[in-house]
Amino acid sequence: MDWLRWIIFVVIILAFALSFVMAFILLERRIVGKFQLRPGPNRVGPMGMLQPVADAVKILLKEDITPAKGDRWVHRLAPIVAFAPALLVFAVVPFQGKGPGLGFSLDQPAALADLNVGVLYIVAVSSISVIGMIMAGWASNNKYSLLGAMRAIAQMVSYEVPLVLSIVGIVIASGSLSLNSIVEAQSIPFILLQPLGFLIYFLGATAEINRAPFDLLEAESEIVASYHTEYSGMRFAMFFLGEYAYALGVSAIVSVLFLGGYKFPFGLLPQSFIWFLAKIFLVFFLMLWVRSTLPRVRIDQMMAFAWKFLLPLSLVNLLLVAAEGVSTIGFGWAAVGINVILAIAFVVIWANRFYRVKGVTVG
Amino acid sequence: MALRTEPIVVNMGPQHPATHGVFRMRVTLDGEVITDLEPVMGYLHRGVEKLAEARTYTQFIPLTDRMDYLSSMSNNLAYVLAVEKLAGVEAPPRAQYLRVIMAEMMRISNHLMAVGTFLDDMGAFHTPLLYMFREREKLLDLFEMVCGQRLTYNYMRIGGLSHDIPPEFLPALKKFVRDMPGFVDEYDQLIRENEIVLARTRGVGVLPRALAINASASGPVLRGSGVKWDLRKTDPYLVYDKLEFDVPTGAVGDIYDRYRVRIEEMRQSVRILEQAIERLPPGEVRSDVPHLVHPPRGEVYGHIEAPKGELGFYLVSDTGIAPYRCHIRPPSLINLTALRDMVLGMKIADAIITLGSIDIVLGEVDR
């Protein structure tokens, strides 16, 4: 009956992803509105809850334009290439674990496929989307698009490295590449055990999905709308949805890797997918908070940040975790204490060494 | 084999989301580095100077509103001061103090907008801008109280003001003056030590002192480069010589200094407002000047320290009811001429925020 299970899960994942993406778009606009002293969209439906629907209907009715001198086929294919990996990520994300949970119990983990190389799969799949962006940037035959695509390549390649290195720390601590086993291994959430790893992963992932302050791809004050400048209608919507689907994906992965996925912290309450969804919203809120507060970094500063700041820090983190693994400290509460203190110390020292531009000269 | 490379030319504007109004920068890029920049302007040219010749002196006042539409009061003021100089009339003391109050309110409002949009250019996703709008809104309400308009005020007249302030204006202004320093501190605290802001703005878009003087830059752009030049001090008009305030200057002339100068100027403007409210004398707000002014034959150059810099009106009279010739020295345009030198060799993103830090309004650049 495997195929039946697969079909059920495909439906669940599609429904989950699309409804959450809609919710994210609305939430983003509402919450950022609150940050900015304005109500946000509140006219369509109760509390503006139908706003994403209205937007979707509008965008579906728009004409789908291909630039006259663009590369027709690449231009049409690009949004699909960019969007599809966002959904593929959810194939290995466990929504609830095996055994009794809140309300009902399962005889196997609630994931489409509990791959034993799940982490590897996620890293691989999530880097496909950059190809879609380059395709879009090239095929549009537009200079802004091309500049945006160039930035995309540089950014993705740079941030993949510290990102993966920070996951390696998790893999060492849990001893498995399967996402379900990683969740099961978190009797102490890994955010406490590896705060440095969390920081690196979160920053790297923020950059990888092009959210502020690393949203150079969509720096509308610089390069208009970057690689999707020339897109309209449903194809634009696919890029747009893709971005939010990636935000959802990253929120889900952070919840799984660092926040203990479907488990309630310290096992105080039985496991449930509800905790998992709550954690997703928590991580997404963190991203919104950053986005509505910070200005954007410049391209060279962003690259420097990846290679000179995050990469050494992630190596230090890896060394730390590995050393604890082989020593007698292990991955218990002693390691939590050591790592939290060390993480704060490293970040403070390292940040002070990194370009600290001082000086108020106006008087 | 060496790869063949070629620079790309990108048009920033006139429909680009970042340019302030319909301004176009033809930027030549080597990757992300700017190798050449050519400003193209004139998309908003309306021939204001020529229109002046076909209107009476008073009829031209509303048109000055539409030049730098973010500081209309200052435009009014610069123009009526020039005409008064030409015709040899003077406004009564109450009008002079009220003009100072209006000009300084306008300066705060303009700087709020300038800093807000500048941070917006830096990619701060509208949050600072909307915080600034919160205060600007209060100022616009005050202006509305005085003259019924929120953007184009048309409040100054030759020889005074169009009418006196309503009784509810002063208490509202006092409340604003009381609250404003706290808000300025709040904004400053959020931005001043922000690591990203510092990294983006320190040493970027530098306008050296000598170049600033040679380009005849003025306003915060000049003072950011360390030149202590403020027409309110160097060539006092109205009652500025009786008021106490400091002229903040920068040291390096980079974007950050310009930003800091604007923030400090807001504080100083609040100081001026406090003193002006205290000393506001009773009396007439308009001296006895006929509707159709016939200034004696001659020419005159009147200038004030507008929020963006030196705003000057050069008027020639042939004793008629309209100026024979009117020429305007817009601060935005003159400051903009130094843009190319500021951004050569920088990244695209730097060019955008440098443009933002100059604080231009295209209505004034193109006139």
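## Salt bridge between the chains

In this predicted model, one salt bridge is counted between chain A and chain B. A:Arg298 pairs with B:Asp350, and the closest N and O atoms are 2.9 Å apart.

The contact between the chains involves 34 residues of chain A and 49 residues of chain B. About 3,600 Å² is buried between chain A and chain B. Carbon and sulfur atoms give 57% of that area.

## Confidence in chain A

Chain A has a mean pLDDT of 81. Of its residues, 93% reach 70 or more. Residues 358-363 of chain A have pLDDT below 50. Beyond near neighbours in sequence, this stretch has 23 contacts in the model.

Over all chains, the structure holds 36 salt bridges. Side chains of opposite charge can pair when their charged atoms come close.

One of the salt bridges joins B:Arg367 and B:Glu49, with the closest N and O atoms 2.9 Å apart. B:Arg367 sits in the segment after helix 15 (362-366) of chain B, and B:Glu49 sits in helix 1 (residues 48-52) of chain B, so the pair ties together parts that are 318 residues apart in sequence. Are these two residues buried or exposed? B:Arg367 has 12% relative accessibility and counts as buried. B:Glu49 is at 13% and also counts as buried.

## A salt-bridge network

Which residues of chain B are linked in a network of salt bridges? They are B:Glu104, B:Arg107, B:Arg223, B:Asp230, B:Arg232, B:Glu265 and B:Glu305. Within this group, B:Arg223 forms a salt bridge with B:Asp230. Their closest N and O atoms are 3.7 Å apart. Both B:Arg223 and B:Asp230 are buried.

## B:Asp65 and its surroundings

B:Asp65 lies in helix 2 (residues 61-65) of chain B. Its side chain meets that of B:Arg66 in a salt bridge, at 3.9 Å from N to O. The cut-off for a salt bridge is 4 Å, so the pair at 3.9 Å counts.

B:Asp65 is buried, at a relative accessible area of 0%. B:Arg66 is partly exposed, at 37%. Neighbours within four places in sequence aside, B:Asp65 is in contact with B:Ser72, B:Asn75, B:Asn76, B:Thr152, B:Tyr153 and B:Asn154.

## B:Glu244 in a loop

B:Glu244 lies in the loop between helix 10 (231-234) and helix 11 (255-279) of chain B. Its relative accessible area is 55%, which makes B:Glu244 exposed.

What does B:Glu244 contact, leaving aside its neighbours within four places in sequence? The partners are B:Arg271 and B:Gln275. The C-alpha atoms of B:Glu244 and B:Gln268 are separated by 9.0 Å. These two residues are 24 residues apart along the chain.

## A nonpolar patch on chain A

Seven residues make up a nonpolar surface patch: A:Trp3, A:Leu4, A:Trp6, A:Ile7, A:Ile8, A:Val11 and A:Ile12. Together they have about 700 Å² of accessible area.

A:Ile7 is one of these residues. A:Ile7 is found in helix 1 (residues 2-35) of chain A. Its relative accessible area is 47%, and A:Ile7 is therefore partly exposed. The cut-off for a patch residue is over 30% relative accessible area, so A:Ile7 at 47% passes it.

Key: Residues numbered from 1 in each chain as written. Chains lettered and ligands numbered in written order. Predicted model: local features only at pLDDT ≥ 70, side-chain atom pairs only at ≥ 80, totals over all residues. Heavy atoms only, no water. Patch = residues over 30% accessible without salt bridge, like charges linked within 9 Å, V, L, I, M, F, W, Y side chains within 5 Å. Areas by Shrake-Rupley, 256 points an atom, 1.4 Å probe, with all protein chains shown as cover. Helix = DSSP H or I, 4+ residues; strand = E, 2+ residues; numbered from the N terminus. Buried < 20%, exposed > 50% of the residue type's maximum accessible area, 1.4 Å probe, protein only. pLDDT = per-residue confidence, 0-100. Contact = heavy atoms within 4.5 Å. Buried area = accessible area lost by both parts, 1.4 Å probe.
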